[in-house]
Amino acid sequence: MSDNSNNQGRAYEYICLITLHKEISSIRKAEIKINSAYNAAEHAWKSMSDEFKELLTQSAKAAVSTILDMEPMIIENSDDILTLHIQTDSEGKEGDVRDIVIARKDVKWEIGLSLKHNHFAVKHSRLAKSLDFGKKWFGIACSETYWNDIKPIFDYLSQQKAQNKNWNELPSKDETVYVPLLRAFIDELNRSNKIDSSVPKKMVEYLLGEFDFYKVISIDSKRLTRIQSYNLHGQLNHSSKTIKPQIHIPIACLPTRIVNLEFKPNSTNTIELYMDGGWQFSFRIHNASTKVETSLKFDIQIVGMPTTIISIDCKWY
């Protein structure tokens, strides 16, 4: 992600937090927790143009009322103080994709929002010479076969890096790097799946994080904010003591088996994973910098989702 995109994303986190706090404070006690992530988001917000600030503000306002309709625990008027905070990067790396967390400590309740500005990517995980993706993603250490398969690929990249080469100087990076690395990834994923039938479930939990959340996506060109519910463990959409949700969010079933895993047709850098229940992901491998590095990054996208992942488009007015 470019510095400009990163700053825009942080600015979006800031205005969503401020807009939520303003709306909630008109109904009940609420406070924002100040931390390093908040300071970074505020700094990014202040660096934006007035025109762009207005655009992000409209996007945030469009989403708030729908979130409150789905989560009456937010607006229940009680004596406890509701808190909002932006998560730090270190928290996100520990299996939590939520950017904003809304919580009520006294009743042990919280929900989270994952905010996206004009993009839909899930995670940007890496493959590297000594990075055990199997252990990290679904708790099964990569096999000796996998390490043997990827060794010549990363040895080659180490040699090119030592020569200070750029990626575009490699004569056939697709055939030399991308294709064999993705084949090794596919083979290892299939091996692990034979060992443990819960790999599909664990894969989705890794890609989407350990906690249920709402994904809030600002789509500027269409002047709408899309809200998607990822209620995988039943943590969302709870009634309060006095109010039921105005919008019902079902629990989405996690996958139990891999249906198909192969290269995308006519592609040398993208594979597609199809699982039962409607779960579909694409994994595009790419170099994240101009200079050759000894690791590569995945751009992971959700291609298909279960019908129980509710998507609501909130138009800007």
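Two strands pair if DSSP finds at least two bridges between them. Helices (H or I, at least four residues) and strands (E, at least two) are DSSP runs, numbered from the N terminus.

**Entry 1: ground rules.** I am working with a predicted model, in which local features need pLDDT of at least 70, side-chain atom pairs count only at pLDDT 80 or more, and totals for chains, interfaces and linings use all residues. Residues are numbered from 1 along each chain as its sequence is written, and side-chain values use heavy atoms, with hydrogens and water left out.

**Entry 2: strand β3.** I looked up β3, residues 100-104, and found five of its five residues buried. Buried means under 20% relative accessible area, exposed over 50%, and partly exposed in between (1.4 Å probe, protein chains only). In a regular strand the side chains alternate between the two faces of the sheet. I noted I100, I102 and R104 pointing one way from β3, with V101 and A103 pointing the other way.

Next I looked up the partners of β3. Strand β2 (residues 82-86) pairs with β3 in the antiparallel sense over four bridges, and I86 stands opposite I100. Strand β4 (residues 109-117) is joined to β3 by five bridges, and the two run antiparallel. In β4, A103 has E110 as its bridge partner, and I102 has I111. β3 and β4 form a hairpin with four residues between them, and K108 in the turn has a positive phi of about 50°.

**Entry 3: the two sheets.** I traced an open sheet of seven strands in the order β1-β2-β3-β4-β6-β7-β12, with mixed pairing. Its edge strands are β1 (30-32) and β12 (311-315), each of which pairs on one side only. The twist averages 20° from one strand to the next.

I then traced an open sheet of five strands in the order β5-β11-β10-β9-β8, with antiparallel pairing. β5 (126-128) and β8 stand at the edges with a single partner strand each, so one side of each is left without a neighbour in the sheet. Here too the twist averages 20° from one strand to the next. β5 pairs with β11 (residues 295-304) over three bridges, and A128 stands opposite S295 of β11. Helix α7 packs on this sheet and touches β5 and β11, its direction making about 85° with that of β5. Helix α9 (residues 199-208) also packs on the sheet, touching β8, β9 (270-275), β10 (280-286) and β11, and its direction makes about 60° with that of β10. Contact means heavy atoms within 4.5 Å.

**Entry 4: α7 against α8.** How far apart are the axes of α7 and α8? I found the axes of α7 (residues 144-162) and α8 (residues 173-195) 10 Å apart, at an angle of about 160°. Axes are lines fitted to C-alpha atoms, for helices over the stretch in contact, and angles run from 0 to 180 degrees between N-to-C directions. The two helices are therefore roughly antiparallel (angles under 35 degrees count as roughly parallel, over 145 as roughly antiparallel, 65 to 115 as roughly perpendicular and the rest as oblique). The contact includes Y146, I150 and F154 of α7 and V177, L181 and F185 of α8.

**Entry 5: two asparagines.** Most residues other than glycine have a negative phi, and most peptide bonds are trans. N164 has a positive phi of about 60° and is found in the loop between α7 and α8. N237 has a positive phi of about 70° and is found in the loop between β7 (224-230) and β8 (258-263). Are N164 and N237 buried or partly exposed? N164 counts as partly exposed at 48% relative accessibility, whereas N237 is buried at 9%.
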